[in-house]
Each structure stands twice: as C-alpha cells, then as structure tokens.
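Dear colleague,

Please read them alongside the sequence and the model.

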Amino acid sequence: MAGRFPLEPTRTTVRGGHTPVPVPVTDAAATEDLAENENLTEAAPLDLGLTLGPLRRGPADPTFRVTPDGSVWRASRTPEGPGTLRIRATATGAGTGTGTESEAWGPGAAWLLDRLPALLGAEDDPTAFVPRHKLLLATHRRRPGLRLTRTGLVLESLIPSVLEQKVTTNEAYGSWRLLVRKYGEPAPGPAPDGMSVMPDARAWTRIPSWEWHRANVDGKRAATIVRAARVAARLEEAVHMDPPAARARLELIPGIGPWTSAETIQRSNGAPDEVTTGDLHLPGIVGWALAGDRTADDEAMLDLLAPYAGQRHRAARLILLSGRVPPRRAPRMTPGDITGI
C-alpha cells in the first residue's frame with residue numbers, strides 16, 4: 001500500500017509542511033520581462049509549499065500568506081528591521097525546471113533577499129537521503145520538490161514553538177495570531193491585507209500579564225517567551241552554530257526543552273537530523289509507519305530512524321507527508337480556554 005496515500009492536505013500532512021501553493025503557468029518570454037528588483041534562480045525541482053510550509057502557523061497566520069497567483073508572502077523581523085518578502089515560482093522554458101521571482105520591501109528587504117537561497121533550501125542536500133523503507137521511497141518520489149528551509153532567524157520560530165507547548169495547534173495558532181496583530185506592526189510594502197510583522201524582542205517583554213491571559217497563554221509559556229526575548233541577541237547567535245550546540249544554547253532558558261529547541265532549530269538552521277522528541281503523536285506515527293507499532297515511544301522512534309542518521313528530520317517529515325497514521329482510538333484533545341477564568 002506504500003505510495004497510495006492521498007496528496008490532499010490532512011492534519012498530519014499539514015504538520016509535515018504541506019501548504020498548497022498554486023503553480024502559475026509562465027512561458028519563457030514572460031520570464032524575460034521580470035523587474036530589476038526580482039531575483040530569478042534556476043533550480044529543479046522546487047516546491048514552495050513544501051519548502052516554506054513549516055513556517056506557516058495556521059491558515060490565518062498574519063506573517064504568512066499564499067495568494068491565488070502562486071505567490072508566497074512572508075513578513076519577518078530581520079536584524080535590519082521589518083521586511084516583507086514575496087516569492088513566486090515560475091516555469092523556466094518548456095517545462096525544463098522551476099525558478100523563482102522575488103521582491104522585498106522595508107528596512108529588512110536587502111537582508112531577506114541576501115538570504116533567499118538558504119530560505120529556499122540552497123544549503124540543503126536532498127541527495128544525502130537514501131530511503132530504506134517502501135513508504136519513504138514512495139513519498140520521497142512523490143515529493144521531489146521538498147527542501148529544508150533555513151531562515152537564519154531564531155526568535156521568529158522559537159516564540160510560536162513555545163506557544164505550541166502542551167496545547168492544541170489551533171489554540172497556539174490563535175494566540176500567535178492575536179499577539180502578532182496586536183503588538184506587531186503592518187507588513188511593509190504592498191503586502192496582502194492583514195499581514196503583520198511580529199513584535200521585536202523588547203515588545204514581547206512589555207506585554208502585560210492580562211494580555212497574555214486574553215490571548216489564552218498561561219503564565220508558564222508567557223514567562224518562557226519573556227525570558228527568551230530578554231536574551232534574544234544571544235539566542236540569535238545560534239544560527240551560526242552546529243545544530244546540537246544551537247539547541248543547547250536555547251535549552252539554557254528555563255521552559256525551553258528538547259521539543260521546543262528541535263522545532264526551532266529545524267527551521268532557523270535548516271537542520272536535517274534534528275528529530276522532535278517529547279511529542280505526543282510523532283513517535284506513534286513513526287512507529288506505525290515503519291513498524292506497525294502505534295505504541296512507540298521516543299526511544300523506539302529513534303531506533304527506527306537510526307538508519308537515516310544525518311537525515312532523521314527529513315525522514316520524519318516524509319512520514320508525516322505520507323499521510324499514513326494509526327487509526328484513532330480516542331477523542332482529540334479538548335482545546336483549553338483560560339480567557340474566561
């Protein structure tokens with residue numbers, strides 16, 4: 001049955017980074033008319049939805065938007081200030097490959113364009129992955145455009161990861177959306193309506209306790225974010241470290257453990273081997289997909305992923321993208337709401 005699972009988005013494949021992006025049909029003549037401030041790169045193949053999908057925190061994320069013309073918009077707070085980036089895939093002549101055209105606005109525009117190749121997976125080596133299970137072989141073949149992104153920004157991935165600790169994803173997405181819209185700032189340039197840049201580190205530390213409460217964020221997660229924001233400059237240095245050292249740097253902050261550090265470094269550093277441990281569902285999904293064992297724990301999951309040493313994160317993502325999950329035996333976790341307390 002390997003390879004027969006649907007390509008339509010499911011809760012599991014979305015977690016694996018499946019973000020549908022329309023693919024525009026562009027002929028070779030049209031690509032010659034790109035504006036001077038656009039960047040066109042030859043690469044084959046590249047799937048923007050799979051590569052950038054892990055950066056989206058829910059369908060209404062104010063920092064991430066996909067538009068009908070096939071553009072992916074990101075609003076980021078860079079070391080040089082806020083910036084908006086638009087990326088659009090283009091055909092590069094008779095279906096010979098894919099390229100991208102990009103534009104950026106705001107004080108952080110140059111920073112975003114300079115680091116665009118890394119964002120699109122230029123520093124990733126997908127050829128290093130060798131499938132050793134039929135399911136992974138089939139999924140790898142069906143997802144040839146998957147690249148591991150590297151944002152070069154720690155706080156941007158750390159804060160929403162902290163918000164996702166021990167709550168449902170919908171709760172975390174709602175908290176992220178409310179806080180960014182209220183304490184961030186409008187995305188520069190002609191960004192789609194409603195897009196915002198996340199608050200800077202100082203702004204995160206100045207959010208009153210009652211506003212965290214109104215955003216459905218408990219005191220423990222709020223305190224962790226504030227502690228991290230106070231040493232943001234030191235945490236941002238982690239992008240220049242190897243992934244294990246980067247995770248160790250993050251885990252010096254009380255409230256940041258292996259789950260949060262892995263989820264952050266996977267995105268900020270493009271780490272192909274950093275596996276998310278301490279997750280409620282991932283061990284069972286990996287165990288079921290590779291060994292038919294829905295009761296697998298972290299130790300069993302790491303044993304099953306051992307043949308993919310160096311590429312374990314990619315293997316786990318491909319398992320999620322396969323859509324193969326064990327049958328549900330219990331109701332979903334009930335969302336919590338502390339706003340009325």
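In these notes a residue is called buried when its relative accessible area is under 20%, exposed when it is over 50%, and partly exposed in between, with a 1.4 Å probe and protein chains only. Please bear in mind that this is a predicted model, in which local features need pLDDT of at least 70 and side-chain atom pairs count only at pLDDT 80 or more, while totals for chains, interfaces and linings use all residues. Residues are numbered from 1 along each chain as its sequence is written, and side-chain values use heavy atoms, with hydrogens and water left out.

Asn-216 is buried, at 12% relative accessible area, and has a positive phi of about 65° although it is not a glycine. Its loop runs between helix H10 (209-214) and helix H11 (219-230), helices here being DSSP runs of H or I of at least four residues, numbered from the N terminus.

Lys-166, also not a glycine, has a positive phi near 60°; this residue sits in the loop between helix H7 (155-163) and helix H8 (169-183) and is exposed, because its relative accessibility is 75%.

Pro-208, in the loop between helix H9 (201-205) and H10, is partly exposed at 22% relative accessibility. From Pro-208 to Ala-222 the C-alpha distance is 9.9 Å, with the two residues 14 apart in sequence.

With kind regards

Notes:
Helices (H or I, at least four residues) and strands (E, at least two) are DSSP runs, numbered from the N terminus.
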